[in-house]
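Dear colleague,

Please find below the structure that I am handing over to you. My notes on what was found in it follow directly after.

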Amino acid sequence: MGPSPLCSCCLSLLLVLLGGCGESPPEDSAGESRPRRVVSLDYCADQYLLQLADREQILALSPDATSPFSYLREQARDMDTVRAVAEDVLILNPDLIIRSYGGGATATAFFERAGVPVLQLPWIQSVDGDDENGIPGAIRLVAARLQQTARGDALIDGYRQRLARLRASSPPGNLLYMSAGGYTSGPGTLIHDMIATAGLANYMERPGWHPLPLETMVYETPDRVGAAFFRSVNREQQNWSASRHPVATALRDRSTSVVLDGASTACGGWFIADAMEALHSAERP
C-alpha cells in the first residue's frame, strides 16, 4: 500500500508537530551527519539496512522483514516494523527512508516533499557490476549513505571472493531456474547472470521471464533444475502453479536438481551467492 494522500494543511500540521521531536544526529570527522533513525519500507530494503547499519541506526523495518522470503528474517526478529503508509512513517520522525518498491511509485517524491530524505535502491541487473545496477554498486551506495563505508567494503570483498571461487571451475551442462510461482528466467535478468556466474548455461534462451515450458521440458530435458522455494517444495502458498505439474516435480526429484532458499534470489543482494554456490555444487548429470 502506498502513502495515503494528505491535504496540504494536514501535512503541514503533522510536520510542525514532529519538528521538535528529534535530536540532531551526530556528525563524523568530515562534518556530515550519520543517519540514526532509519526506516526501510520493503523487504528488499530491509536486507541492506539490516546488513549494513548499526542496530542503533534502525528505527523500523517493513512488516515483511520476518517473512519466509526475507533473507535476514532471523536477524529482524523483535525489531520494530512500520507499514509503508504516510502517517505511520512520518509520525516516527525518521531521518532517512530506504526503499525499493515500498510505498508505491510516488513514495519517494511524497516523503521528500515532507522533508524526509529517501534512498531509492536501484534495479539490480548484474551479479558483479560496479555501477548502481550491480550488487557491489548497490552495497556501496547504501553503505555510503549510512556512513558505513568500511562495512560495505568488507561485504563486497567477501562477496567477490565467493564469486572468484565459483569462476575458478565450470560444471558442465545447462540449468533450468524454477520459481515457486511456475516461472523461469532467460537472458537480460539477474537470474540469468546468476546462472552464468555459477558456470552453467541457461536452459531458457528467450530473454525475460516466462512460464515454465512444460511441454518442451518433456522432450528437451534440462541437465539441472534450480528450484527456488520459500518454505519447502511441498509447502508453498500457491495452491497451483506450473511448478506443481508432474513434469516439474519429476525433474525436481532427480539427483541433479537442487532446491534453493527462495529468499536468496527474491531480491538482488550479496546473498545470491548462496544460490550460486548451491547450483555450482549440484551433482553432475
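**The open sheet**

Strands β5 and β7 pair in the parallel sense over 2 bridges. Here a strand is a DSSP run of E of at least two residues and a helix a DSSP run of H or I of at least four, both numbered from the N terminus; two strands pair if DSSP finds at least two bridges between them. This is a predicted model, in which local features need pLDDT of at least 70 and side-chain atom pairs count only at pLDDT 80 or more, while totals for chains, interfaces and linings use all residues. Residues are numbered from 1 along each chain as its sequence is written, and side-chain values use heavy atoms, with hydrogens and water left out.

The open sheet is formed by 4 strands in the order β7-β5-β9-β10, with parallel pairing. Because β7 (201–202) and β10 stand at the edges with a single partner strand each, one side of each has no neighbour in the sheet. Helix α10 lies across β5, β9 (224–229) and β10, and runs at about 170° to β10.

**Strand β3 and its partners**

Strand β1 (residues 38–40) is joined to β3 by 3 bridges, and the two run parallel. Val39 stands opposite Ile97 in β3. Strand β3 also pairs with β4 (residues 118–120) in the parallel sense, over 3 bridges, and Arg99 has Gln120 in β4 as its bridge partner. From β3 the chain passes through helix α4 (residues 107–113) to β4 in a right-handed β-α-β crossover; right-handed means that, with the strands pointing away from the viewer, the path from the first strand over the helix to the second runs clockwise.

Which way do the residues of β3 point? Leu96 and Ile98 point one way, Ile97 and Arg99 the other, and all are buried. Buried means under 20% relative accessible area, exposed over 50%, and partly exposed in between (1.4 Å probe, protein chains only).

**The nonpolar cores**

A nonpolar core is a set of buried Ala, Val, Leu, Ile, Met, Phe, Trp, Tyr and Cys residues joined through side-chain atoms within 4.5 Å. The largest one has 52 residues, and those with the most contacts inside it include Tyr48, Ile98 and Tyr159. Helix α2 gives the most to this core, with 7 residues. Leaving aside neighbours within four places in sequence, Tyr159 is in contact with residues including Val127, Trp270 and Met276.

**The disulfide**

The structure holds 1 disulfide, defined as a pair of cysteine sulfur atoms within 2.5 Å. The disulfide joins Cys44 to Cys267, at an S to S distance of 1.9 Å. Cys44 lies in helix α2 (residues 43–52) and Cys267 in the loop between β10 (258–261) and α10 (272–280), so the pair ties together parts that are 223 residues apart in sequence. Cys44 counts as buried at 12% relative accessibility, and Cys267 is buried at 5%.

Yours sincerely

Key:
Contact = heavy atoms within 4.5 Å. Axes fitted to C-alpha atoms, helices over the stretch in contact; angles between N-to-C directions.
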